[in-house]
Amino acid sequence: MKGEVISTTGQLVGTVLAVQANFYRVQLDLEDTETQGRGDTESFFSASPRLTISVSSTPPILLCTRRTRLKKIGQQVMVGDRVVVEEPDWAGGRGAIADVLARQTELDRPPIANANQILLVFAVADPPLEPYQLSRFLVKAESTDLDVLLCLNKSDLVSPEEQQQINDRLLAWGYQPLFISVKNQINIDQAAKHLSNKITVIAGPSGVGKSSLINALIPNTNLRVGEVSGKLARGRHTTRHVELFELPSGGLLADTPGFNQPDLDCPPEELVHYFPEVRERLAGTNCRFSDCLHRDEPDCAVRGNWERYQHYLEFLDEAIARQTQLNQQADPESTLKLKTKGKGQSQYEPKLESKKYRRLSRRTQLQALQDLYQNEE
């Protein structure tokens with residue numbers, strides 16, 4: 001394929017694979033010679049009507065900067081963005097991002113655009129599966145409005161009976177987990193089928209095997225793999241930034257830094273809708289009050305004997321505290337501030353009075369005198 005040349009007349013369009021400092025790695029769209037003319041692969045090329053591009057078996061990747069115009073208008077460039085590239089330097093592998101196309105979806109943490117689904121990876125053992133931590137990740141994933149796929153790694157470390165118990169428990173939560181083992185190559189092909197032709201964000205706590213799974217799905221990636229801490233039974237961080245990797249079967253996979261406690265930044269009244277088992281309840285009945293928070297309100301359709309209700313109450317307290325903090329910050333006359341204590345606990349404390357009587361610096365005094373003299377003149 002190398003050496004074959006095709007003329008192009010459109011724009012150079014590509015996908016941002018990684019962002020580091022002020023540089024962006026952009027994979028350009030190139031049409032494979034076998035699919036040319038069939039219309040099943042989008043193709044965007046070139047900055048000049050007479051530009052010719054040498055086609056290779058793999059799409060070219062350019063290291064790009066962002067146009068000053070985009071910076072002035074505050075246009076951020078995220079991993080996953082579809083961008084227009086100008087002035088390509090094919091020999092040097094450089095270019096400039098001139099425009100960002102409209103995003104289909106957008107995530108703040110991790111910062112990634114145009115994702116279709118979230119692949120949530122947990123381990124059933126080493127580190128042990130923690131229901132509260134899993135519930136927190138699931139609620140965070142549901143709040144993105146993306147499809148959620150749950151994979152449970154290291155399934156070879158538990159018995160079939162334990163797998164069935166975990167499966168039944170998660171079915172009651174509203175999820176059908178996929179049990180995999182990267183070490184023994186169990187159900188890796190099944191996981192790959194769910195990722196085909198989609199942009200997938202892989203997430204989960206540290207040490208559950210996310211990097212190992214990516215290495216199994218994309219053999220040439222060779223991501224760094226960490227071990228689980230013996231004392232804390234938790235993994236160590238190995239991924240430092242967000243990056244997209246191309247899957248052999250088509251599609252892109254976004255690796256994200258592992259963390260053990262994702263932030264819950266949803267409004268309190270929306271939280272309940274991020275529990276699939278509650279959505280099923282509310283589909284057939286309603287609470288008496290439209291603003292019910294499902295704690296102690298009468299005739300509540302949600303409050304009751306479902307396993308994650310206690311998780312909901314704890315997440316609700318956190319969401320209310322966050323909303324109160326935002327309201328306090330919006331009120332400059334507020335006399336309270338939120339202070340974080342040990343073990344993740346937080347409480348509101350009175351604000352200290354501002355230093356109204358601090359002595360002015362000499363520079364400020366001299367400037368004031370100069371202004372006074374100029375006014376008198």
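**Reading helix 4 and its cover**

User: What covers the buried residues of helix 4?

Analyst: Among the elements covering them are strand 10 (117-123), strand 11 (147-153), strand 12 (178-179), strand 13 (199-203), helix 5 (210-217) and strand 15 (252-255). Contact here means heavy atoms within 4.5 Å. Helices (H or I, at least four residues) and strands (E, at least two) are DSSP runs, numbered from the N terminus. This is a predicted model, where local features need pLDDT of at least 70 and side-chain atom pairs pLDDT 80 or more, while totals for chains, interfaces and linings use all residues. Residues are numbered from 1 along each chain as its sequence is written, and side-chain values use heavy atoms, with hydrogens and water left out.

User: Which residues of helix 4 are buried, and which are exposed?

Analyst: Buried is under 20% relative accessible area, exposed over 50%, and partly exposed in between (1.4 Å probe, protein chains only). In helix 4 (residues 188-195), Ile188, Ala191 and Leu195 are buried. They sit on the same side of helix 4 because they cover an arc of only 60° around the axis, taken from the directions from the helix axis to the C-beta atoms. Asp189 and Lys193 are exposed on the other side.
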